[in-house]
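Welcome, and thank you for taking a look at this structure with us. Let us start at one spot inside the protein and then widen the view.

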Amino acid sequence: MKPFSTLVIVRAAPEALFLAMRDRLDEIVPLLKDVSAIETLERHESGDRVDIVNRWQARQTVPAMLQARLGARDIAWIDRASWDATTLTGHWTIEPLIGDGAIRCTGTTRFEPAMAGRGCRAHFDGSLEIDPAFIGSVVGAFEAPVTALVQSVATVMIPSNFRAAAEAASKLA
């Protein structure tokens with residue numbers, strides 16, 4: 001398991017940034033360099049809790065040499081999040097559309113006041129786990145170094161995408 005985290009501080013009220021990240025992701029897509037689309041597939045509200053399922057589509061595609069082995073051309077994932085307006089937190093899982101469950105990513109996003117009440121501190125913490133058998137089935141003898149590389153890239157890319165999304169959402173907040 002590989003942990004990752006990032007902290008973003010923006011000029012927006014925590015409540016406003018929380019709502020923008022929860023409800024307006026589709027509006028920030030043009031401001032994200034790595035994401036071409038975010039589509040809400042499900043949304044259920046119950047009091048201060050909102051459960052949302054989004055499908056994210058990356059601008060990049062799977063390298064041609066790996067497309068047949070992975071059975072996919074597109075890089076996309078499902079994010080399942082449970083948002084709590086009373087604590088300004090979101091608990092989420094990311095499910096890549098490749099690997100049949102071999103890649104597990106979970107975490108929490110928290111929003112709190114910053115900059116003497118003039119901004120928001122958004123904490124993004126998670127962990128990524130990749131089944132070595134999945135990597136082995138794709139790359140064979142290079143399993144260990146490729147697993148380490150994929151984990152490193154993912155634990156840099158995921159927080160980087162969050163940072164970009166939070167900064168873009170702050171413009172809507």
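Strands, like helices, are DSSP runs numbered from the N terminus; a helix is H or I with at least four residues, and a strand is E with at least two. Is T109 buried or exposed? With a relative accessibility of 3%, T109 counts as buried. Here buried means under 20% relative accessible area, exposed means over 50%, and partly exposed lies in between, using a 1.4 Å probe and protein chains only.

Which residues does T109 touch, leaving aside those up to four places away in sequence? They are L88, T89, G90, W92, H123, F124 and F162, where a contact means heavy atoms within 4.5 Å. With W92 there is also a polar contact of 3.0 Å between the two side chains. A polar contact is a pair of N or O atoms within 3.5 Å; within protein, one must be able to donate a hydrogen and the other to accept it, and residues adjacent in sequence count only if both atoms are side-chain atoms.

## How to read the model

This is a predicted model, in which local features need pLDDT of at least 70 and side-chain atom pairs count only at pLDDT 80 or more, while totals for chains, interfaces and linings use all residues. Residues are numbered from 1 along each chain as its sequence is written, and side-chain values use heavy atoms, with hydrogens and water left out.

## The whole chain

Stepping back, the protein chain contains 5 helices and 7 strands. Read from the N terminus, their order is β-α-α-β-β-α-β-β-β-β-α-α. The chain has 173 residues, and 43% of them count as buried.

Among contacts between residues at least 6 apart in sequence, 54% join residues at least 24 apart. The chain exposes about 9,100 Å², with carbon and sulfur atoms supplying 56% of that area; accessible areas come from the Shrake-Rupley method with a 1.4 Å probe, and for residues only the protein chains shown count as cover.

## Salt bridges

How many salt bridges does a search of the whole structure find? The search finds 10, each being a side-chain nitrogen of Lys or Arg within 4 Å of a carboxyl oxygen of Asp or Glu. One of them joins the side chains of R80 and E95, at 2.8 Å from N to O. This pair links distant parts of the chain, with R80 in strand β4 (residues 74-84) and E95 in strand β5 (residues 89-96), 15 residues apart. R80 is partly exposed at 38% relative accessible area, and E95 is partly exposed at 30%.

Within helix α5 (residues 143-172), R163 and E167 are 4 residues apart, about one turn of the helix, and their side chains meet in a salt bridge of 3.9 Å, N to O. Elsewhere, R22, D23, R43 and E45 are linked in a network of salt bridges.

## Cysteines

What is the count of disulfides? The count is 0, a disulfide being a pair of cysteine sulfur atoms within 2.5 Å. C105 is buried, at 3% relative accessible area, and C120 is buried as well, at 0%.
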